[in-house]
Amino acid sequence: MFRKIAIFGVGLIGGSFALALKKAGAVAHIVGVGRSLRSLERAAELGIIDTFSTSPADAVAGADLVLIAAPVAQTGAILAAIRPHLQPGTVVTDAGSTKTDVVAAARAALGDKIACFVPGHPIAGREQNGPDAALVELYVGKKVVLAALPENDPADVERVAQAWRLCGAVIHALSAEEHDKVFAAVSHLPHLLAYALVDDIARKPHADLLFQYAASGFRDFTRIAGSSPEMWRDITLANQPAMLAELDAYLVQLGQLRTLLANRDGAAIEAVYANAQQARHEWISTIEAAEKQSRQGGD
């Protein structure tokens, strides 16, 4: 389906994309681009990419598809660097966790070539980073949100969608604004909270004792604090308005719980816990049903 794909960022997200398309037999050649020569060499050793380049011009020459899988703060600079070398028919997409800022950066960098850029976000990941973290099955059954622009040709949007489908993903559509509000609540705020909790405990004078007794519940709750600090710094700042709104709402919730605890209002505390438990059970049931349907469809 693709003669050549250029991937900026060959770590977990970009590397998994490459591995999945190779497994599907959907691409003839993948070139990797990145800031770290060591990472590019490692990606080549692992068979994630076929070649690598430090030249944006060489990387995108003859490419059918360009994926930007670098931290979101780098998106504008990458787009500006490749703009003069984009050829007719080349489609560019990204894997950034925020969309409003990415769209703004794309419009500023690409100008009259904005139609070639289809914003995207794969909803998949793990706390490990780098080429060694890449998994061929990472996107199987996972959602990919495309925030198509008014200028996009539907055929280009479908080309990006088909690439992700070949990775095993399920395509969803949201506007950039809808996307950022949704993920501030269910992804960006949880990461902030996990980082904050681990940082708080690590700074306590008896941190060693606390970590000694931290068990599976603490590990599960704070797993995402093992993610890339650079990437999540960029996401946090990029989605600042929605993040502040969600954080303020959560602080109100915490304040209410503190009042209930101070008043020893067990019935009210239990009601909050029970509502959360029921909501989580229903959410998990929905996920399991969707996964079962996806497996049956694959069969």
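**Strands and helices in a predicted model**

Me: How do you know that strand β7 and strand β8 pair, and which way do they run?
Reply: This is a predicted model, and in it three bridges join β7 (residues 120-122) to β8 (residues 143-146). Pairing calls for at least two bridges, so three is enough for β7 and β8 to count as paired. The two strands run antiparallel. You can look for H121, which stands opposite V145 in β8.

Me: What makes β8 and strand β9 a pair, and are they parallel or antiparallel?
Reply: Four bridges join β8 to β9 (residues 170-173), and the cut-off is at least two. These two strands therefore pair, and they run parallel. One of the bridges links L146 with its partner A173 in β9. Between β8 and β9 the chain passes through helix α6 (residues 154-166), giving a right-handed β-α-β crossover.

Me: Why is the pairing in this open sheet called mixed?
Reply: The three strands are ordered β7-β8-β9. In general, strands of a sheet can pair either parallel or antiparallel. Here β7 and β8 run antiparallel, while β8 and β9 run parallel. That is the mixed pairing of this sheet.

Me: Why do β7 and β9 stand at the edges?
Reply: Each of them has a single partner strand, so one side of each is left without a neighbour in the sheet. From one strand to the next, the twist averages 25 degrees.

Me: How do you know that N239 is buried?
Reply: Its relative accessible area is 3%, and buried means under 20%. N239 therefore falls on the buried side of that cut-off. You will find N239 in the loop between α10 (229-238) and α11. Leaving out residues up to four places away in sequence, N239 touches T98, D180, A184 and H188.

Me: What makes helix α7 and helix α11 meet, residue by residue?
Reply: On the α7 side (residues 176-202), the contact includes D180, K181, A184 and H188. On the α11 side (residues 240-262) are A242, M243, E246, L247 and Y250. The residues of this contact divide into nine nonpolar, one polar and three charged.

Me: At what angle do the axes of α7 and α11 cross, and which hand does the crossing have?
Reply: The axes come within 9 Å and cross at roughly 65 degrees. The crossing of α7 past α11 is right-handed.

Note on methods: Residues are numbered from 1 along each chain as its sequence is written. This is a predicted model: local features need pLDDT of at least 70, side-chain atom pairs count only at pLDDT 80 or more; totals for chains, interfaces and linings use all residues. Side-chain values use heavy atoms; hydrogens and water are left out. Axes are lines fitted to C-alpha atoms, for helices over the stretch in contact, and angles run from 0 to 180 degrees between N-to-C directions. A crossing is left-handed if the near helix is turned anticlockwise from the far one by less than a right angle, and right-handed if clockwise. Contact means heavy atoms within 4.5 Å. Ala, Val, Leu, Ile, Met, Phe, Trp, Tyr, Cys and Pro count as nonpolar, Asp, Glu, Lys and Arg as charged, and the others, Gly among them, as polar. A crossover is right-handed if, with the strands pointing away from the viewer, the path from the first strand over the helix to the second runs clockwise. Buried means under 20% relative accessible area, exposed over 50%, partly exposed in between (1.4 Å probe, protein chains only).
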